[in-house]
Amino acid sequence: MNDVAEVVLPAVPTAGTASVDVACEPWAVQAAGVSSWYGSNQVLKDVDICIPQRRITALIGPSGCGKSTFLRCVNRMNDLIRGFRMQGTVSVHGEDINGPQVDVTLLRRTVGMVFQHPNPFPMSVYDNIALAVREHKPSINRDELDGIVEQSLKDAHLWDEVKDRLSGSALGLSGGQQQRLCIARALAVKPEVLMLDEPCASLDPIATGKIEELLLQLRERYTIIIVTHNLAQARRISDEMAFFLMGEMLEQGPTQQVLAAPQREETAAYLDGSYG
Amino acid sequence: MARLSFAHVRSRFWMAACWVSAAVVLAVCAGIVLAMAARGIGALEPSFFTTDPQPSFEESLAGGIRAPLAGSVILAVSGILAVFLPSLGAAIYLAEYMDEQKLGTRAIRLGLEVLAGVPSVVFGFWGLAVFSQPIFAFLSDSAGGDATSAFGRSFLVGALVMAVHILPFVVKVMEEAIRAVPRALREAGYALGLTKWRMIKRVVLPSAAPGIVTAIVLGLGLIVGDTAIVWLTVGGTMTMSGADAWWLPHNWLPVLKGTGSTLTTFIFYSSPAGEGNAPGKAYGAAFVLLALVVALNAFVAWIGRQRSIKAQ
């Protein structure tokens, strides 16, 4: 497994995003030899991966291949699952996230996460965003909080649609709006990495299009990792691509390169639609 | 064909049997409400609500239910105040922190089940025994001016015993409400960097609020409906012994430390089984009590409906 990763890792600047020189940038997220288990069931096998800063990296592969589990390793959401166990190291901006000094709540603020199904809190649009901000900065005044809420909603391309109903329940929004609210909520705590686990799985094509457009803009400021089943989506928005199969990360590289000339037979077969 | 039609007949028969059973339940329920209404509604004059009970051989002079009605409200509110924090804490602990495999957990669950099965008269008797100890004299008027013993009967004592009585039911409903908060919301809270307690406080409890309110209202219903605990621990006086003008704030503490009655003990007292012997008044009070309980149930149903509308 390691040899494959080593072949792929020295990343070439991605086509289409030539303005940033990847080689000069440190990795945002690095994983080395990550294996993990739920009970006795091994879900990740010796995964090595490097996620470049301020790019969109798509994790692709068939269901159950470990993409989501990997994502949940990065912000240690798997800690919440009884029987979960992990080997290897994951580092965010060079710091081992499982190190003894790591404050997991700080890690999760640095590495924001958006889930497969929109999960706004059953409270107002405003409170959905303000909740975590207030918790992290209890002394915040109202004006400052208003500013953060507005900016986060603008960054998530939702402000114009909800500015007149900030006190209305978030559950009254459409699915696509709810998902953008979840993105805004994650942005409000000022993360550096934004992870999205199939964020468009339950959305229609128009809502999906809005989220893709949004992610392309957010790329300028955030490192984005997106798990997707949708190859066309990965093609449209990602700079970098990593292919997972049966818990292994088989191939990583610039999206264009992986799509045009996959190094592994399994990747080629998946891209052809032979399985998945 | 013949077998098929037999199966049909059998199916129809069971459907009819179920329908009859349901109809019997409904008829019994309607019968009780109608009987209370028919006999009690005559007593429902304005003066019935504005006068205190007056012991009298003449039913027309026996007064109204002002003090018992106030007593029901006082006991229900103080009982809920006493039970709220302990039961919420226990429910959070059971739902969020406990390891179901551990012996201690099973012991707590068993304890709650036993508590739920204890008849209320036993709680009443237990409360009387405990709160008559001199150390609890501050909860009730001391007996005969003797500061070394306690009377053991007062609204405060009744509220504490009620709190113990309803605790398992309230904890159960609160725990279910907390457990029903979707995992997705908890994960969203954790993913924003909240600690477990912050996540519970800011995400789980607000999301479970309708269920927590339901638990409180069910607790109110249990307190309002209980007789034995009131009879044993709030005393058998039909009027407030603490102060006549119970509605004045400076009288509240004496009233809480004094004895009184609730609608249930008033019904018992006024019924032919009690000493009051004013069945018309008892029917009137029973009708008021039923209306209260129905209103509380309607409120719970309304909360449930609000919740399902919100969830859509």
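**A buried helix, an open sheet and a chain contact**

Helix 11 of chain B, residues 263–270, is mostly covered, with 8 of its 8 residues buried. The model is predicted. The buried residues of helix 11 of chain B are B:Leu263, B:Thr264, B:Thr265, B:Phe266, B:Ile267, B:Phe268, B:Tyr269 and B:Ser270.

None of the 15 is buried, so helix 4 of chain B lies largely in the open. A residue counts as buried if 20 or more other C-beta atoms lie within 10 Å of its own.

Chain A holds an open sheet. Four strands form this sheet, in the order 2-1-4-5, and the pairing is antiparallel. Strand 2 (41–52) and strand 5 (95–96) of chain A are the edge strands, and each pairs on one side only. Strands of a sheet pair through backbone hydrogen bonds.

The pairings can be followed across the sheet. Strand 1 of chain A, residues 27–38, is joined to strand 2 of chain A by 8 bridges, and the two run antiparallel. Here A:Ser36 stands opposite A:Leu44 of strand 2 of chain A. Strand 1 of chain A also pairs with strand 4 of chain A, residues 84–92. This pairing is antiparallel too and spans 8 bridges. In strand 4 of chain A, A:Val92 stands opposite A:Val29.

Strand 4 of chain A then meets strand 5 of chain A. The two run antiparallel and are joined by 2 bridges. A:Ser91 stands opposite A:Asp96 of strand 5 of chain A. Strands 4 and 5 of chain A form a hairpin with 2 residues between the strands. In this hairpin, A:His93 takes a positive phi near 50°.

The two chains also touch. Chain A gives 23 residues to the contact, and chain B gives 16 residues. On the side of chain B that touches chain A, helix 7 (183–191) and helix 8 (196–225) of chain B each supply at least two residues. Helix 7 of chain B provides the largest share of that side, 6 residues. By type, the residues on the side of chain B that touches chain A divide into 9 nonpolar, 3 polar and 4 charged.

Technical notes:
Residues are numbered from 1 along each chain as its sequence is written. Chains are lettered from A and ligands numbered from 1 in the order in which they are written. This is a predicted model: local features need pLDDT of at least 70, side-chain atom pairs count only at pLDDT 80 or more; totals for chains, interfaces and linings use all residues. Two strands pair if DSSP finds at least two bridges between them. Two residues are in contact if their C-beta atoms, placed from the backbone, lie within 7 Å. Ala, Val, Leu, Ile, Met, Phe, Trp, Tyr, Cys and Pro count as nonpolar, Asp, Glu, Lys and Arg as charged, and the others, Gly among them, as polar. A residue is buried if 20 or more other C-beta atoms lie within 10 Å of its own, exposed if 12 or fewer, and partly exposed in between; C-beta atoms are placed from the backbone.
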